[in-house]
Amino acid sequence: MIIECPSCHARYQYDEERFERKPAKKIKCAKCTTIFEIKNPAFAEPEPAPVAPDRFERTFTRRDEPKPAKEETTEQSPLPEKSTDQMPVELKLPEGKRISLAIIAGPDAGSVVRVEKPRVTIGRSNADLTLNDTEASRLHAAIEVRDAAILLRDLGSTNGTLVDGQKIVDAMELQDKSEFQVGATTLMLIVTEDA
């Protein structure tokens, strides 16, 4: 589906699978950094009930369902940023890019950690990136890399995960130089070309 920033009107392709069966998501515009909410089109109208649970009429996936006629497709409005029809949903590090997390404030300030796997947990203990931060939960948040898309996901932490001072509800897409807060620690996502 195509989404548009209400402030700067930048348009992006957004994979409906990333709603994860939630009615809405908050995302940050990569161009003007405005945080806005987008609605899941699957929640717009109730789906018809299956004929019978033992029949095979409803075995197709959501991606195979026909899209509503009013929705724009990538063919009608091509986006130069995304050349593929669908954004990848599987966790995968992008080729030719190096992803790092810099700790810019908090007890571990000055550290830079390279992201070497597509899912990295952040927390006080038993996490891939362990923080010396008593305000962080044991498993506080996770960075999930889906090729070009990098998501920050709160893992049900006590104090929440903040982006621009706002608690994120579930997951939010990050861009290069995006900052977020886990407990009393501020981290910055850094994406560079891999030498």
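The model is predicted, with local features needing pLDDT of at least 70 and side-chain atom pairs counting only at pLDDT 80 or more, while totals for chains, interfaces and linings use all residues. Residues are numbered from 1 along each chain as its sequence is written, and side-chain values use heavy atoms, leaving out hydrogens and water.

The largest nonpolar core has 22 residues; such a core is a set of buried Ala, Val, Leu, Ile, Met, Phe, Trp, Tyr and Cys residues joined through side-chain atoms within 4.5 Å. Buried here means under 20% relative accessible area, exposed over 50% and partly exposed in between (1.4 Å probe, protein chains only). Strands β5, β7, β9, β10, β13, β14 and β15 each give two or more residues to this core, a strand being a DSSP run of E, at least two residues, numbered from the N terminus. F180, among the residues with the most contacts inside the core, touches L101, I122, I143 and L152, among others (contact: heavy atoms within 4.5 Å). Another core, of eleven residues, lies apart and includes Y12, Y14, F19 and C29.

Back in β9 (residues 141-146) sits E144, buried at a relative accessible area of 5%. Its side chain makes a polar contact with that of R119 at 3.2 Å (N or O atoms within 3.5 Å; within protein, one able to donate a hydrogen and the other to accept it, with sequence-adjacent residues counting only if both atoms are side-chain atoms).

As for disulfides (cysteine sulfur atoms within 2.5 Å), there are zero. The C32 sulfur is 3.6 Å from its closest cysteine sulfur, in C5, so it is too far for a bond.

Notes
Helices (H or I, at least four residues) and strands (E, at least two) are DSSP runs, numbered from the N terminus. Lists of a residue's contacts leave out its neighbours within four places in sequence.
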